[in-house]
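Here is a friendly briefing on one protein model. Take a look at the sequence and the 3D view before reading on.

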Amino acid sequence: MPISMAGADGRTAAQPVSATAFRTLMAAFPAGVAVVTAADADGQQYGMTCTAVSSVSVSPPTLLVCIQRSSRTLAVLTKTRSFAVNMLGDQARAVAELFASRGPDRFEHVSWTARPGCGGPHLEQDSHSIADCRVTGSVTVADHVVVFGEVFQVTAEDDIRPHPLVYGMREYWSLGHAGVLPEHCAPSSSDQSDSNTETLR
């Protein structure tokens with residue numbers, strides 16, 4: 001049972017739940033999987049797996065991503081004021097795991113492009129949609145930073161679009177065809193909740 005304590009106004013306030021309880025709660029709320037990418041002034045690529053992506057506004061078109069404060073990708077996009085959100089297709093589980101790891105030279109193991117004017121490297125072969133964004137603001141919340149990005153370009157396959165890769169209950173899923181229940185993929189080899197970005201729950 002949560003312990004209560006008195007606040008400054010005399011009313012009682014419940015203590016926050018444990019990190020384990022919160023992760024369990026959010027694990028039951030599946031989300032699409034994306035790789036957020038950015039490049040520094042020298043053209044060095046950076047990227048991280050992220051499920052904390054959400055739409056914010058249609059006018060102007062704005063989304064947000066939540067990134068751990070220690071992330072190198074965050075440091076780069078904060079300086080360049082731009083990034084790309086690569087929304088992964090359901091065949092890209094290996095890519096999601098690669099960018100959730102601390103392994104070096106991750107871009108050497110995937111196909112990517114970096115066209116002039118893009119927000120960050122594009123993982124076109126592994127993504128069903130890509131949003132190029134310019135940073136319009138950020139808010140620090142505990143050990144993460146909420147970054148707001150105005151979408152200035154969308155890249156998507158209109159004719160043949162892969163099904164999105166989804167992460168929930170600490171496993172990867174495919175949405176499958178419309179009207180069909182998600183088809184369960186093989187479980188992850190390890191709990192991704194302690195990855196470098198801590199965004200896979």
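The notes below go through the sheet, the helices, the cores and one valine.

This is a predicted model, in which local features need pLDDT of at least 70 and side-chain atom pairs count only at pLDDT 80 or more, while totals for chains, interfaces and linings use all residues. Residues are numbered from 1 along each chain as its sequence is written, and side-chain values use heavy atoms, with hydrogens and water left out.

**The sheet**

- An open sheet of 7 strands runs in the order E5-E4-E8-E9-E10-E7-E6 with antiparallel pairing; strands (E, at least two residues) and helices (H or I, at least four) are DSSP runs numbered from the N terminus, and two strands pair if DSSP finds at least two bridges between them.
- At the edges sit E5 and strand E6 (53-58), each pairing on one side only.
- Neighbouring strands of this sheet are turned by 35° against each other on average, direction ignored; axes are lines fitted to C-alpha atoms, for helices over the stretch in contact, and angles run from 0 to 180 degrees between N-to-C directions.
- Strands E7 (residues 61-68) and E10 (residues 144-156) share 7 bridges in the antiparallel sense, and Ile67 has Val145 in E10 as its bridge partner.

**The helices**

- Helix H2 (residues 72-80) lies across E4, E5, E7, E8, strand E9 (127-141) and E10, at about 55° to E4.
- Helix H3 packs on the sheet, touching E4, E5 and E8 (contact means heavy atoms within 4.5 Å), and its direction makes about 110° with that of E5.
- In H3 (residues 93-100), 6 of the 8 residues are buried, that is, under 20% relative accessible area, with exposed over 50% and partly exposed in between (1.4 Å probe, protein chains only).
- Those buried residues are Arg93, Val95, Ala96, Leu98, Phe99 and Ala100, and their cover includes strands E11 (165-168) and E12 (171-174).

**The cores**

- A nonpolar core is a set of buried Ala, Val, Leu, Ile, Met, Phe, Trp, Tyr and Cys residues joined through side-chain atoms within 4.5 Å.
- In the largest one, with 20 residues, Leu63, Val65, Leu77, Phe83, Val85 and Val147 touch the most other members.
- E4, E5, E7, H2, E8, E9 and E10 each supply at least two residues of this core.
- A second, separate core of 14 residues includes Val33, Leu88, Ala92 and Ala96.

**Val139**

- Val139 lies in strand E9 and counts as partly exposed because its relative accessibility is 41%.
- Its C-alpha atom is 9.4 Å from that of Cys66, 73 residues apart along the chain.
- Leaving out residues up to four places away in sequence, Val139 touches His144, Val145, Val146 and Phe148.
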